[in-house]
Amino acid sequence: MDCSLRSLEDEALIRQIQEENYEAFVELVDRHSKRFYSISYRLLFSKSDAEDVVQQAFLKLWEKRLFWDQGKKAKFTTWFYRVVVNLCLDHNRKKKAMPLLEGAEPIDKQEGQEVLLDEKRKQILLEQFIQELPERQKLALNLCFYENLSNKEAAEIIGIKVKALQSLIMRAKTTLKGRLNHHID
Amino acid sequence: MDSGKFKENLLLYGTDLDQWPEAIRQVMITALENSPELQALMAEQGKFERVLKNRKYEEPSNDLTHRITSASLQPDIRSSVSLRLFLSRLFAEGFYFPKPALLVGSTLMIAALVIGFVIGFSSSTGSMLPDQRRANLQEFLHYEGNSLWGKQ
């Protein structure tokens, strides 16, 4: 791969991609696929679905590369987060929600495994509670808490004001805290 | 800082004080040092965040990048962009239009062409009334007859 591409910023890579530089596309995928997989996994809770969505998003980018408007001066990652998040939301709407607790293995009371199983049960409950949050609260929590994005960037991705985003985060955490305290302690 | 406001900020910015906005960080640290109540709230929030951080996560497959780039080389994707590439190259050779302007321009040209066709077809002989057509024919024959007589 062309080493000079590594030093380029995302937006410069996009311009290279528009000029049919395939290596630039490979560099962009290599640079960001893990990051966008992460948010997809958080929203879909399935490795294969998350990988499919990330692939679909990058293929869209490649296919529609000539339509990227540099004039808007949007940061590539912010714009692409929006693309990936929308694909995940569409995916979730099409796919029937799967009850996580029914999919869990039955708890085996063998000695020594109890701590491990308790951890697993906590993880399943936590995931279920997160999935049950309203869509925007879930999105705000995933972007800010799990993806470590700034409030400003997360607000831009969701398309709301920073104050509204902060309110979503607070409501999400308060709900989760209450439910976790009730079920886990 | 009262405990209600402190709790709110804890939910918003978390237990890592470095993540707090500079404007309130120092006030927060001072309040925390002097209040066992706030320290208890901090500990409780820390416990909650540890549970959240313990959320299940699966790493992506090692070949994810390769899978995506390979899929981008599939023939159907290449063929779907080839016409666009051809047109963009064509335009890029001689002059440059910003993409939206090019799109708007070509749409307007197509629209003008369609409207032209519609107007052209609607004002052709097909839309003429039968009486009008008969009168025109009689006029033509009369003229042709006169000119023939005139020649003789």
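Helices here (H or I, at least four residues) and strands (E, at least two) are DSSP runs, numbered from the N terminus. By that scheme, Arg31(A) sits in helix H2 of chain A. Keep in mind that this is a predicted model, where local features need pLDDT of at least 70, side-chain atom pairs count only at pLDDT 80 or more, and totals for chains, interfaces and linings use all residues. Residues are numbered from 1 along each chain as its sequence is written, while chains are lettered from A and ligands numbered from 1 in the order in which they are written.

**Confidence**
- Chain B has a mean pLDDT (the predictor's confidence in each residue, from 0 to 100) of 78, with 70% of its residues at 70 or more.
- Within chain B, helix H4 (residues 64-71) scores highest, at a mean of 93, and helix H5 (residues 75-94) lowest, at 53.
- Over residues 92-96 of chain B, pLDDT stays under 50, and the model has zero contacts there beyond four places in sequence; a contact means C-beta atoms, placed from the backbone, within 7 Å.
- For the complex, the predictor gives an ipTM of 0.80 and a pTM of 0.69.

**Where A meets B**
- Chain A brings 32 residues to the contact and chain B brings 29.
- On the chain A side, H2 (22-44), H3 (47-63), H6 (114-131) and H9 (162-184) each supply at least two residues.
- H2(A) gives the largest share of that side, eight residues.

**Around Arg31(A)**
- Arg31(A) counts as partly exposed because 16 other C-beta atoms lie within 10 Å (buried takes 20 or more, exposed 12 or fewer, partly exposed is in between, with C-beta atoms placed from the backbone).
- Arg31(A) and Asp10(A) are 21 residues apart in sequence, with their C-alpha atoms 9.1 Å apart.

Definitions and conventions
Contact = placed C-beta atoms within 7 Å.
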